[in-house]
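Let's look at a protein chain together and ask how we know what we say about it. Keep the picture open while you read.

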Amino acid sequence: RLKKARLRVEKAIKEKKIFAVQGPYPVIRRLLRARGWVERKLPRNGRRLKQQPGDQKKQQLEKRASRGGAEQGQAVLNPRGGAQPYLGTTEPLHHPWPRAKENKGEREDEDKKEGKEPCSEDSEDIHDLMSFLVQDQVPNFLWAIRLSNIDQELLLRIEVVNRYPRLYALCTKEGLCQSLQNLPWFEQVDFNTFFPRCYRLGFVDEEEAFIEDFRLTAARSLLKLALQKVRDRPVGTEQPPGSDKVPAPKGPAPQGGSVLRPQGWRRSHVCHPTPSTAGPHCSLNPQLVEEALEACEQHLGVLEHQDIDRKTPSPCRTCIDWDRFLQEYYRVAHEGTRLVLSSEQQERCQCLLQRLEKKLPQLGIEGNLNVWIVKPSAKSRGRGIVCATRLEEVLELAQSCTGCPAPVCEWVVQKYVERPLTIFNTKFDIRQWFVVTDWKPLTVWFYQDCYLRFCSQPFSLGHLEPAGHLCNVSIQKRYKTSQPDPRVPPDKIWSNKQFQAHLAQLGRADAWQRVMVPGMKAAILSALRCTRDKVGSRKGSFELFGADFLIGEDFQPWLLEINSCPTMSPSSAVTRQLCANVQRDTLRLVLDRKENPTCSIGAFELLYREAAVASCLTVGLKLMVTGCSLKKP
């Protein structure tokens, strides 16, 4: 066994097939071993793996290796001599799944396509022995969760790494918000057509822009509510048109609209307008609708650039008392207070909203309750997210950012999509994978398979609990016993194939390929183009990303965020198969394709490859400045 292990190690070193894996990636390990790669196992808890107690069999193998061929092994494995390089880390790095619990169909499929793993009998002991024999070798391939745990000097010597450094501009909520604001400098695309408008709290100019946006959105929402009153029905928190009607749970409508209170969140002692306690039948300011019309007309003038030729005041710099206006709007939107609308005002409202729709690409997703979602700028898995329907609540969170060190802000606020496409009256989002194999020139590969994540409660804007509004698996697993509709799968996951079958039943089978997929591709490419100069580029490396999308009622996709190092831990039968497939196809793309450019890359397709730009040669050029100096008279 020792001789066989040494022969395999010598072959792997010669062919540059030494790899290391940081984290729970049993599929990556299995596929690389099947290709003849040898793993250099990373240390656990800051110590080398051979020093782990409680595994005497492993220690015996290592002693046999050191006695039986240490000198020969050194001569073959470390011809350069010197100290062993060390991939430093301080946490458990791999926890393989029990082989008996692996999906049988998945294993058979991989065996057919990749070849059976050699030396399967007592394979872990063999792999431990081979890992001991290559401890002095620099890995040729590294699959890591985070680069900060890897020795930086050694990292420079590894040929292929699955991570890029400095992804803040792309993979944090604040970074993506700021980057997309600069998109017009890179391409003539309006990011408002695919990214819900977003502001960084704590930055004075953006906070003021958010306040103005919130007020104008409230004015537009009031016009929509006023038109609803024309049909003589109570105005309140209703389901968006087009969604399946399901009775909302009993209980009062939220006054603050919070989904989750972030840990440590407290109301500040700053004086804010007190929410009205008046009943729904109390009278409103008769000029309320007129004020909303005035604000929207002035905003339309700005959008049509009428302010260039004449002095048009800012819509939020008018004589409207916005504190009073918002309090009365809250009464209409959340307390059911009725509006009185004349026929002339009705006509003006309809005409104005139609004109605004042509100028505001997000008018269709706004709804009429003015819900905003506040997110921690650099957290994942739905942690700390708050939904709010009142301006004063958002500003209280903004005040917590005043002590944050510039230029990093703690919170971002984004317009909540109030009119999403729902399935069985249940909200969902889409996790879409893509791989960047180069930043200069930009080369992007789009994965044609993805999956949907469902919420655990019916969608209702009258109740903003996380079970009905946050699709993250880490959030929804708290509500395993909840089931929004018997047609929603118990694990709350669908594949894109199941989604396409559902669209076909709705008579919109074409929406996936004609609207959603092109929209997701365009959004991903736009995000990459405006962040590429801020990301750390490293030749030979790659990264698998996971983009989250929400689908509107018109089937248009809306980008929510982009995740680096997306989870590969299966939470359902669907993700078990898809996550294994995307890892298999990623290795085909970044490893097999180098040796055979025509090999299969599975479900990946080339999304974009930028034309290479010839660099200017400066070596050997003779540069000089000619002319005469100027002298003072």
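Here are some questions and answers about this predicted model.

Q: How do you know which stretches should be read with caution?
A: Look at pLDDT, the predictor's confidence from 0 to 100. The chain has a mean of 78, but residues 46-122 stay under 50. Residues 232-278 are below 50 as well. Where pLDDT is low, the predicted coordinates should not be read in detail.

Q: What makes L223 a residue to look at in the largest nonpolar core?
A: This core has 58 residues, and L223 is among the three that touch the most other members, along with F210 and F325. Contact means heavy atoms within 4.5 Å. Leaving out residues up to four places away in sequence, L223 touches V289, A292, L293, C296, C349, L352 and L353.

Q: Why is this core said to lie between domain 2 and domain 3?
A: Both domain 2 (167-196 + 420-609) and domain 3 (197-231 + 284-416) give residues to the core, so it lies between them.

Q: Why is strand β10 called mostly covered?
A: A residue counts as buried under 20% relative accessible area. In β10 (residues 442-454), twelve of the 13 residues are buried, so the strand is mostly covered by that cut-off.

Q: How do you know that β9 and β10 pair?
A: Pairing needs at least two bridges. β9 (residues 428-439) and β10 have ten, in the antiparallel sense, so they pass that test. A hairpin of two residues joins β9 to β10, and D429 stands opposite R453 in β10.

Technical notes
Residues are numbered from 1 along each chain as its sequence is written. This is a predicted model: local features need pLDDT of at least 70, side-chain atom pairs count only at pLDDT 80 or more; totals for chains, interfaces and linings use all residues. Side-chain values use heavy atoms; hydrogens and water are left out. A nonpolar core is a set of buried Ala, Val, Leu, Ile, Met, Phe, Trp, Tyr and Cys residues joined through side-chain atoms within 4.5 Å. Buried means under 20% relative accessible area, exposed over 50%, partly exposed in between (1.4 Å probe, protein chains only). Domain bounds come from an automatic or database domain assignment. Helices (H or I, at least four residues) and strands (E, at least two) are DSSP runs, numbered from the N terminus.
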